[in-house]
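Please read these points with the sequence and the coordinates open.

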Amino acid sequence: MHCPFCQHNDTRVIDSRVSEDGATIRRRRECEACGERFSTLETVELKLPSIIKSDGRREQFDAKKLRQGFDRALQKRAVPEEQVEAAVRAVVHAVRMSGERELASRRIGEFVMDELRKLDHVAYVRFASVYRSFQDVADFREEIEKLERGLPSSEQLPLLEAAALASGQARAGERAKKR
Ligand SMILES: [Zn+2]
């Protein structure tokens, strides 16, 4: 690294310290030519892609918003905090591993659905019904029936309730009961 004082093209590291959170390394350097000392900070550069929203606008990927999405879907569901955190991390990882510079928000929705499906079926249905905005009631029923086939019967009831509660889909539940 160049010396910022005399522009000499080599400096020597005389001390390295990792920050408390482990996210940065501070290095103390000394210029071999003029003897001036200065510090540099080293941080990991991991760029997350920008998100293309359904209306075409772009925004920075925001892990906080992602967490809020999980919280909304998991409201009043007994899912341990560590599992939610792990699921959020898994989505961030998937986003990162996509290697894209821009990613459609729909793709992220799919990553979230993959995680919610493993975490809690009720939350999955809640999220999917809003996110995917099922084309019609038949699509929605089909999705629930697919889930129910893989579930013990004790878990099927809350699933139907979630389906009925899911935003904009209350009618689907009503119609299903009449059948
Ligand atoms: Zn110098």
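**Notes on the model**

1. Leucine 66 is partly exposed, with 19 other C-beta atoms within 10 Å. On the scale used here, a residue is buried if 20 or more other C-beta atoms lie within 10 Å of its own, exposed if 12 or fewer, and partly exposed in between, with C-beta atoms placed from the backbone. Leucine 66 belongs to helix α1. Leaving out residues up to four places away in sequence, leucine 66 touches Val88 and Val91; contact means C-beta atoms, placed from the backbone, within 7 Å. Leucine 66 and valine 92 lie 26 residues apart in sequence, and their C-alpha atoms are 8.7 Å apart in space.

2. On the basis of the note: this is a predicted model, in which local features need pLDDT of at least 70 and side-chain atom pairs count only at pLDDT 80 or more, while totals for chains, interfaces and linings use all residues. Residues are numbered from 1 along each chain as its sequence is written.

3. The chain has seven helices and six strands. Helices (H or I, at least four residues) and strands (E, at least two) are DSSP runs, numbered from the N terminus. Along the sequence the pattern reads β-β-β-β-β-α-α-β-α-α-α-α-α. Of the 179 residues in the chain, 19% count as buried. Among contacts between residues at least 6 apart in sequence, 47% join residues at least 24 apart.

4. Helix α2 covers residues 81-97, which is 17 residues, and reaches 24 Å from its first C-alpha to its last, close to the 24 Å expected at 1.5 Å a residue. The expected span is 1.5 Å times one less than the number of residues. Val84, Ala87, Val91 and Val95 of α2 are buried. They cover an arc of only 80° around the axis, which puts them on the same side of α2; the arc is that of the directions from the helix axis to the C-beta atoms. An α-helix has 3.6 residues a turn, so residues three or four places apart point the same way.

5. What is found on the other side of α2? Glu82, Glu85, His93 and Met97 are there, and they are exposed. The buried residues of α2 pack against α1 (63-73), β6 (102-104) and α3 (105-119). After α2 comes glycine 99, with a positive phi near 70°.

6. Helix α3 has 15 residues and reaches 21 Å from its first C-alpha to its last, close to the 21 Å expected at 1.5 Å a residue. Its buried residues are Ile108, Val112, Glu115, Leu116 and Leu119. Seen down the axis of α3, these fall within an arc of 100°, so they line one face of the helix.

7. The largest nonpolar core has 18 residues, of which Ala73, Leu116, Ala123, Tyr124 and Phe127 touch the most other members. Such a core is a set of buried Ala, Val, Leu, Ile, Met, Phe, Trp, Tyr and Cys residues joined through C-beta atoms within 7 Å. The elements that give two or more residues to this core are α1, α2, α3 and α4 (121-131). Helix α4 gives the most, with six residues. Setting aside neighbours within four places in sequence, phenylalanine 127 is in contact with Ala73, Val112, Met113 and Leu116.

8. Three strands form an open sheet in the order β1-β2-β3, with antiparallel pairing. Two strands pair if DSSP finds at least two bridges between them. β1 (11-18) and β3 (37-43) stand at the edges, each with a single partner strand, so one side of each is left without a neighbour in the sheet. Neighbouring strands of this sheet are turned by 25° against each other on average, direction ignored. Axes here are lines fitted to C-alpha atoms, for helices over the stretch in contact, and angles run from 0 to 180 degrees between N-to-C directions.

9. β1 and β2 (residues 24-31) pair in the antiparallel sense over seven bridges. Valine 18 has isoleucine 25 in β2 as its bridge partner, and valine 13 stands opposite arginine 29 in β2. The two strands β1 and β2 form a hairpin with five residues between them, and glycine 22 in the turn has a positive phi of about 75°.

10. β2 and β3 pair in the antiparallel sense over seven bridges. Here arginine 26 stands opposite leucine 41 in β3. The hairpin formed by β2 and β3 has five residues between the strands, with glycine 35 in the turn at a positive phi of about 80°.

Notes
Contact = placed C-beta atoms within 7 Å.
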